[in-house]
Amino acid sequence: MSDIAIEKSWQVLQTHGADIAPLHMRDLFAKDPERAQQFWREGAGLTLDYSKNRILPETMGHLLALARAARFEQKRAALFAGEKINITENRAVLHMALRDHREHIYKVDGKDVMPLVLAERARMKSFCADIQAGKRVGATGKKLTTIVNIGIGGSDLGPAMVCDALKPYWREGQRVFFVSNVDGADLAGVLRQIDPETTLFLIASKTFTTQETMRNAQSARQWFLQQGHSDADIAKHFVALSTNLEAVSAFGIDADNMFRFWDWVGGRYSLWSAIGLSIALTIGYDNFEKLLAGAHDMDRHFQQTPMDDNLPVLLALMGIWNRNILGVSAHAILPYDQSLHRFPAFLQQAEMESNGKSVKLDGTNVVGETCPVIFGEPGTNGQHAFYQMLHQGTDIVSADFIAPACSHYEIGDHHAKLLANFLAQPQALMQGKTLAEVKAEMKQMGVAEDDIEKIAPHRVFPGNRPSNAIIFETLTPQILGALIALYEHKIFTQGVIWQINSFDQWGVELGKQMAGAILPEISVSGETKPKASAYDASTNRLLDHLNAMRFGKERGRS
């Protein structure tokens, strides 16, 4: 379809949005006893309730028409066919192949990539088995029981989140740490807790040139040697997750200890690849396979299910509706499971790096808005932090509430209390409390009339605030795989509708380039640096002042 069809679909939605604006969700629920059932879907072990959005049945028809006008189904087919939909880097996007078990052929440049995927997966399986059995040991013959993953972005957030989420599945005696920040405090804090004789370092960098990762890797290498080990021992304690064999070898890592992935694997979609070696070593390779299987289940659901029953599509359309039609500029990820405490941070990168774009595929500016601000915190912690703003703030924030029916940690009635809050918070956001209800409640409590008039306005909740609920039985590796893939495909769907490239990230480059230019001007060992003059007045003055503060020398600009 043409851009005219897309524009017309947007216009229809905007008109419809104006019609819906006066409606309140509490009234919609009151008028339609079947509302919850109507906006309820299941797939790949997950249940989605999207009834607490300010929508009508015809809203969904208009949103689905928009997706068709954006040629969603054709774009989805192109994704799975291995077409180079990442047009700015001329790359295919095929992370789905990493979790397939040879059910399908995935081609890049006409060649099936599944043999490569399965071969690397077999190497990972063998490596994990050898570590677990003690066939691969450290330089002093001790078993390698501690993993330190050094990466950043997608090489850190995904594996760290998954390992935290799946602690009930950790191998006995296993420890794992993640280092990402170039701030020395991050690495130092880990090095204080580990034994070099039993530690395996995983250096996760596709190019093996990522500044933060390689600085941390070099410092870890230096620390390891300072503990009495030799250069020859590096091969037994360091593994590379990379594509750059030359740089890996120069570091001292044996080629047999390099695990590969490919340029059609984006960083924030890479936990399914060799980047997931920390996961496989921590929870065991069999459970890593179950994680892949859950994501594969969601891939099949996304690829084969009609749009009006398709969980990622529906979640994406709710986001489009709230962001573009109702003007909601922030979206909260609220897992009611402490195991998922890193999930909001993981989705911050996944969504904001993917769809935080303002230029369309054709190089023209986007009309309207793209990705909202993504943030979140586990319940009930978030309730005592930012929920005040969600309920009574001047900005409306949409939210995804996520919860398992059963916990791995059933202590007394803890999980029942957690689930009560999981159910109550979206209900309160939707329903609210009117001034009349507040006054009646206060009167029943025996509050004086003067106090009622004074205090009642502060206790009003406007309600009508949108949310989705995602539930599942228990957080298993398979369910977690499906949950992650749900959001991956949601991101893709929204990118199609916004007509942007969800798979590049040029926005991270400018700051990195500037940091590279500034780095030589930072005083490292007390040497005197000339006054800065190459930058704007603010940066020059900050640079000079920082250099002076670092070594106690008065070098501030006059």
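Contact is taken to mean heavy atoms within 4.5 Å. Helices (H or I, at least four residues) and strands (E, at least two) are DSSP runs numbered from the N terminus. The structure is a predicted model, in which local features need pLDDT of at least 70, side-chain atom pairs count only at pLDDT 80 or more, and totals for chains, interfaces and linings use all residues. Residues are numbered from 1 along each chain as its sequence is written, and side-chain values use heavy atoms, with hydrogens and water left out.

In the packing of helix 5 on helix 13, Phe-72, Arg-76, Leu-79 and Phe-80 of helix 5 meet Asp-299, Arg-300, Phe-302 and Gln-303 of helix 13. By class, this contact has 4 nonpolar, 1 polar and 3 charged residues. Here Ala, Val, Leu, Ile, Met, Phe, Trp, Tyr, Cys and Pro count as nonpolar, Asp, Glu, Lys and Arg as charged, and the others, Gly among them, as polar. Axes are lines fitted to C-alpha atoms, for helices over the stretch in contact, and angles run from 0 to 180 degrees between N-to-C directions.

The whole structure holds 19 salt bridges, each defined as a side-chain nitrogen of Lys or Arg within 4 Å of a carboxyl oxygen of Asp or Glu. One of them joins Arg-41 to Asp-309, with 2.8 Å between the closest N and O atoms. Arg-41 belongs to strand 1 (residues 40-43) and Asp-309 to the loop between helix 13 and helix 14 (311-325), so that distant parts of the chain, 268 residues apart, are linked. Accessibility is classed as buried (under 20% relative accessible area), exposed (over 50%) or partly exposed (in between), using a 1.4 Å probe and protein chains only. Arg-41 is buried at 19%, whereas Asp-309 is partly exposed at 33%.

A salt bridge of 2.8 Å, N to O, also forms between Glu-488 and Arg-99. Because Glu-488 lies in helix 20 (residues 477-498) and Arg-99 in the loop between helix 5 and strand 3 (107-108), the pair ties together parts 389 residues apart in sequence. Glu-488 is buried at 6%, and Arg-99 is buried at 0%.

An open sheet of 6 strands has the order 1-2-13-12-10-11 and mixed pairing. Strand 1 and strand 11 are at the edges with a single partner strand each, so one side of each has no neighbour in the sheet. Neighbouring strands are turned by 20° against each other on average, direction ignored. Two strands pair if DSSP finds at least two bridges between them. Strand 10 (residues 330-335) and strand 12 (residues 398-404) pair in the parallel sense over 5 bridges, and His-331 stands opposite Ser-398 in strand 12. Helix 15 packs on the sheet and touches strand 10, strand 11 and strand 12. The direction of helix 15 makes about 170° with that of strand 11.
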